[in-house]
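Please look through the structure shown below, and then follow the explanation from one part to the next.

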Amino acid sequence: MAFSDWITDARNIVFLVIALTMVGGALVVVTTRNVVHSALTLVVVLGGSAALFLMLGAEFVAWAVILVYVGAVVVLFLFGIMITRAPIGRDSVRLDHERRWPPALIALSVFVVMAWSTTLAFGSEQISGGVIRTDAIGDLLFSRYVIPFEAVSFVLLAALIGGIVLARKDPDR
Amino acid sequence: MTVALAILDNFWVFLVIKLLAVVLVLLGFSLAIIYAELKIMAHMQARIGPYFAGGRFGWAQPFADALKFLQKEDLVPDEADSPVFRLAPAVSLMSTVAVFVIVPFSPTLIARDLDVGIFYALAVSSIGTLGVLMAGWSSANKYSLMGGLRAAAQLIAYELPMVLAVAAVVVQAGTMSMVGIVEAQGGTALFTIPGTDIGLPFVMVGQIVAFGIFMTAALAELSRIPFDMPIAESELVFGYLTEYSGIRFTMFFLAEYAGMFSMAALATTLFLGGWYLPGLDPTIFGPFVMMGKVSLLVFVMIWVRVTWPRLREDQLQSFAWKWLIPVSLANIMVTAVLKVVL
């Protein structure tokens, strides 16, 4: 499809705006000199991914991203940063690392592999039969996918107990 | 007439009208809540309260307060992180206002009956925590930072029991759509008054525990007494709001009172049957019934504020983690078992 055809579709313009915001935000996350700004820009990126899910009609996933990642994970990041150090302006601790190029290369190659393989597998084919209604997602989770669901919750429980074990003070010492 | 209707058909024009209506209703109701709070608190404390403003009963007091706030200089401290400091009140107010998309005032008077209704409300109101943390950090003030930290710890702790209390209602109603939840308590209710087909609200058929947990968590989410440690005046000046003045302070202030309205509206929809009242036609009387129930809950919130002392920080945390969360989990279990059995 020619780019001039592609860009005339309003949905593609919205997608382009969201995607460019996300790419820009992601670059700010890793380049900014202030760790709080980094966490706040992460919110913009996560909001962008929620917006992409909304565009695809997956409302439940979109709002789950907002509730879990923005409402809980990033808030915990910020809480952790602020309770240990809360730099205003330029951070006194360097956020950068001397060997920054190998991880950048790895990130880029992961992106290339994923983009290339999904384009190769699906092309411009439209995938139908997606589950959109929330009650349908619930039914599927507790019938067909009940074992993976329980496995994931078990892993999370293990992580939770691990966190408690690491954080508690030993009463004997 | 046809021209006017044609203009209304335009999506953007209709959107602007909807937005204006929401903002005006919100502003009006927030001012009404502020006035009610001034008067109710005064009478409960055996004083008169606002008396002179406006000529009678001091009705113009909230307007005078609002104008006073707006006139003040919009200060940004030298040391503050300016963009974050300026953005924080908007984030806070936006997350409260966004909840009104799914608040149903009657079967048809609703901005959008989302399939994920109540889940959406919980998700957008969780963004408010971010605004509070941004305000606390960017002020470059140790009182602000402490207030922001306390607020974040409190909002994280009380978001969980709130979500779990709502989950029990969703299990009982079998839907997350707000209209669906009201209908499960009204027209198509499973439980009715014996001998009639009048539905009972969830608070009367099994969700009284969830209602208590939801209202407690709502007070904590709004940082109101007895959960107002984040802005405890005697310890932290004014917590994360210390450095704010003028229009930005007004936005936080408005967010608190609009938040009271939205939390009361959510509780009304989830537990008190929303627009539904036996014998009244919901398409005509729905909004008035809804507003009446919301006002009742707002009155209870003000009543609690006047009669309770402030909790201590550790008491607040242990209350949330050791009592509210286990009780709400047990509540979900009982609800789910009964849902399958009945």
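**A walk through the two chains**

B:Ala46 sits in the loop that runs between helix H2 (11–44) and helix H3 (61–71) of chain B, where helices (H or I, at least four residues) and strands (E, at least two) are DSSP runs, numbered from the N terminus. Although B:Ala46 is not a glycine, it has a positive phi of about 55°. B:Ala46 counts as exposed because it has 6 C-beta neighbours inside 10 Å; a residue is called buried if 20 or more other C-beta atoms lie within 10 Å of its own, exposed if 12 or fewer, and partly exposed in between, with C-beta atoms placed from the backbone.

This is a predicted model, in which local features need pLDDT of at least 70 and side-chain atom pairs count only at pLDDT 80 or more, while totals for chains, interfaces and linings use all residues. Residues are numbered from 1 along each chain as its sequence is written, and chains are lettered from A and ligands numbered from 1 in the order in which they are written.

Confidence is given as pLDDT, the predictor's confidence in each residue, from 0 to 100. Chain A has a mean pLDDT of 83, with 91% of its residues at 70 or more, and chain B averages 81, with 93% of the residues scoring at least 70. Within chain A, confidence is lowest in helix H1 (residues 3–8), at a mean of 74, and highest in helix H7 (residues 146–167), at 91. For the complex, the predictor gives an ipTM of 0.78 and a pTM of 0.83.

Chain A is assigned a domain 1 (1–89) and a domain 2 (132–173), with bounds that come from an automatic or database domain assignment. The centres of domain 1 of chain A and domain 2 of chain A, taken over C-alpha atoms, are separated by 25 Å.

Helix H3 (residues 35–55) of chain A has 21 residues, which should span 30 Å at 1.5 Å a residue, and its end C-alpha atoms are 31 Å apart, which agrees; the expected span of a helix is 1.5 Å times one less than its number of residues. The buried residues of H3(A) include A:Val36, A:Leu40, A:Val43 and A:Ala51. The buried residues of H3(A) pack against helix H2 (10–31) and helix H4 (59–84) of chain A, together with helix H4 (82–98) and helix H6 (128–138) of chain B. Just after H3(A), A:Gly57 takes a positive phi of about 85°.

H4(A) has 26 residues and reaches 36 Å from its first C-alpha to its last, close to the 38 Å expected at 1.5 Å a residue. H4(A) bends by about 25° at A:Tyr69, the bend at a residue being the angle between axes fitted to the seven residues ending there and the seven starting there. In H7(A), the number buried among its 22 residues is zero, so this helix lies largely in the open.

The largest nonpolar core has 122 residues, of which B:Ile118, B:Val166, B:Phe214, B:Ala267 and B:Leu270 touch the most other members; such a core is a set of buried Ala, Val, Leu, Ile, Met, Phe, Trp, Tyr and Cys residues joined through C-beta atoms within 7 Å. The largest share of this core, 18 residues, comes from helix H7 (residues 142–173) of chain B. Leaving aside neighbours within four places in sequence, B:Phe214 is in contact with residues including B:Met162, B:Val166 and B:Phe271, where contact requires C-beta atoms, placed from the backbone, to lie within 7 Å.

B:Phe202 lies in the loop between H8 and H9 of chain B, and B:Phe202 is buried because 26 other C-beta atoms lie within 10 Å. Its contacts, leaving aside neighbours within four places in sequence, include B:Val169, B:Leu270 and B:Phe271.

Another loop residue is B:Ser223, which lies between H9 and helix H10 (233–236) of chain B. B:Ser223 has a positive phi of about 55° although it is not a glycine, and B:Ser223 is buried, with 24 other C-beta atoms within 10 Å.

Technical notes. Two residues are in contact if their C-beta atoms, placed from the backbone, lie within 7 Å.
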